[in-house]
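Let's take a friendly walk through a protein model, stopping at a few places along the way. Have the sequence and the 3D view open as you read.

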Amino acid sequence: MTTSDPTLATEIAEVAAAKGYAAVDASVSGGDRGACKATLSIFAGSDAAVVTRLTPLFKLMGNALYMG
């Protein structure tokens with residue numbers, strides 16, 4: 001999870017899909033303090049079913065928003 005260039009997320013998703021995996025682009029906001037307090041804002045983009053499956057994990061770190 002990071003905030004990075006969108007082209008990197010696209011590249012990772014393409015490589016993952018070619019190998020039969022799903023990738024989630026999960027940019028975060030909240031910094032170190034948010035990470036320590038589990039109050040990160042997580043902006044998750046991927047297939048809806050994948051993000052739904054990962055939502056319990058995201059909730060351990062903060063609030064996840066599905067971005068499509």
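Which residues make a nonpolar surface patch of about 270 Å²? Phe 43, Leu 65 and Met 67 make this patch. Before going further, please keep in mind that this is a predicted model.

**A look at the patch**

Take Leu 65, one of the patch residues. Leu 65 sits in strand β3, which covers residues 62-66. Is Leu 65 buried, partly exposed or exposed? Its relative accessible area is 36%, so Leu 65 is partly exposed, because that class lies between under 20% for buried and over 50% for exposed.

Strand β3 also holds Tyr 66. At 45% relative accessibility, Tyr 66 counts as partly exposed too.

**The largest pocket**

Now turn to the largest pocket, whose volume is about 220 Å³. The pocket is lined by 12 residues, and those closest to its centre are Ala 9, Ile 12, Val 24, Asp 25 and Ala 26. Two elements each give two or more residues to this lining: α1 (6-18) and β1 (25-29). Which of them gives the largest share? That is α1, with four residues.

What kinds of residues form the lining? Eight are nonpolar, three are polar and one is charged.

**Residues that come together**

Residues set apart along the chain can be compared by the distance between their C-alpha atoms. Here are two pairs to find in the 3D view.

| Pair | Apart along the chain | C-alpha separation |
|---|---|---|
| Ser 4 and Asp 25 | 21 residues | 9.3 Å |
| Tyr 66 and Ala 48 | 18 residues | 7.5 Å |

Asp 25 is one of the residues closest to the centre of the largest pocket. With a relative accessibility of 33%, Ser 4 counts as partly exposed.

**A backbone angle to notice**

Finally, where is Ala 38? You can find Ala 38 in the loop between α2 (31-37) and β2 (40-45). The phi angle of Ala 38 is near 55 degrees, which is a positive value in a residue other than glycine. Ala 38 has a relative accessibility of 32%, so it counts as partly exposed.

How values were computed
Residues numbered from 1 in each chain as written. Predicted model: local features only at pLDDT ≥ 70, side-chain atom pairs only at ≥ 80, totals over all residues. Heavy atoms only, no water. Patch = residues over 30% accessible without salt bridge, like charges linked within 9 Å, V, L, I, M, F, W, Y side chains within 5 Å. Areas by Shrake-Rupley, 256 points an atom, 1.4 Å probe, with all protein chains shown as cover. Salt bridge = Lys/Arg side-chain N within 4 Å of Asp/Glu carboxyl O. Buried < 20%, exposed > 50% of the residue type's maximum accessible area, 1.4 Å probe, protein only. 1 Å grid on protein atoms, 1.4 Å probe; cavity = no way out; pocket = protein on both sides within 12 Å on 5 of 7 lines; lining within 4 Å. Points joined across faces, edges and corners; volume = space filled by probe spheres on them. Nonpolar A, V, L, I, M, F, W, Y, C, P; charged D, E, K, R; others polar.
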